[in-house]
Amino acid sequence: MIETDLLIEILAVVSGVIAIFLASRENWLTFLIGLLNAGSFTVFFYFKHLYSASAEHFVYFVIDFFGILAWLGLFNRWRKGKKEEPQVTQLSISWNALLLAIVAVIGIALGAAMTYLSSQLPELIPNVKYPYCDAILTVGCVMAQILLVKKKIDTWWWWIVIDMLKCVMYVAMWLETGENILMTALLHIVYICIAISAIIHWKPKLNKEQTLQ
């Protein structure tokens, strides 16, 4: 009989691949499928003691609702009185550097908080693993997801770096503890491939007049 955590992981992996592929093709359904993916991974990572990653996917669940509204052009309808889908734009190098600094600071603070809470509330948050690495990548993922909602092409470069680091972390976790998490590690390799294809697909649509916004 298949274990419950494996079923949840399969559901999360399949929905994740579908959601990221839809995002690479600028399809708003990415956020609808993303709700299923976020919910599944929230539960999965909690049981794997990766609490920052679990919290990350809970935040995704909230962001995905805003993503649906944004990509359907409903935010612009409220602001401008007409339905207008967001255009593909790009951040400047200075903006990317600023966001990376913010991610680092918040990630370190979150990692420290998780370490403290694990020591104070071991029954609620037991055996926290890689708290700082998990926390920094978690904050980075949230930032990348926000950039996706805003259709910043930079989001895909963020995802490539984050997915590479997450893959390394999950493999290290498997080698160290024997946790059955290899499927999720392989998922991030698939994500990297889709992110590369997304850059190729989005680049011709890049609005260079708004590239620094």
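Thr-184 is buried, because its relative accessible area is 0%, and buried here means under 20%, with exposed being over 50% and partly exposed in between, using a 1.4 Å probe and protein chains only. Thr-184 sits in helix α8; helices are DSSP runs of H or I with at least four residues, numbered from the N terminus. What does Thr-184 touch, once we leave aside its neighbours within four places in sequence? The contacts are Glu-9, Phe-41, Phe-44, Phe-45 and Tyr-170, where contact means heavy atoms within 4.5 Å.

Before I go on, this is a predicted model, so to speak: local features need pLDDT of at least 70, side-chain atom pairs count only at pLDDT 80 or more, and totals for chains, interfaces and linings use all residues. Residues are numbered from 1 along each chain as its sequence is written, and side-chain values use heavy atoms, with hydrogens and water left out.

Okay, another threonine. Thr-30 is in helix α2, residues 29–47, and Thr-30 is buried too, at 5% relative accessible area. Not counting residues up to four places away in sequence, Thr-30 touches Ala-19, Ile-20, Leu-22, Ala-23 and Trp-71.

Ring pairs join Phe-31, Trp-71, Trp-156 and Trp-202 into a cluster. A pair needs ring centres within 6.5 Å, for Phe, Tyr and Trp (its six-membered ring); planes under 30 degrees apart are stacked, over 60 edge-to-face, and the rest tilted. Lys-151 also lies over the face of Trp-71, 4.8 Å from the ring centre; that label takes NZ of Lys or CZ of Arg within 6 Å of the centre and within 35 degrees of the ring normal.

How many aromatic pairs does the structure hold? There are 10. Take Tyr-46 and Phe-47: their ring centres are 5.8 Å apart and the planes are at 75°, so that pair is edge-to-face. Tyr-46 is partly exposed at 34% relative accessible area, whereas Phe-47 counts as exposed at 56%. Trp-156 and Trp-202 are edge-to-face as well, 5.6 Å centre to centre with 90° between the planes. That pair links distant parts of the chain, 46 residues apart, with Trp-156 in helix α7 (residues 154–177) and Trp-202 in helix α8 (residues 182–202). Both of these tryptophans, Trp-156 and Trp-202, are buried.

Last stop, Phe-66. This residue lies in helix α3, residues 51–71, and Phe-66 is partly exposed, with a relative accessible area of 46%.

Methods
Helices (H or I, at least four residues) and strands (E, at least two) are DSSP runs, numbered from the N terminus.
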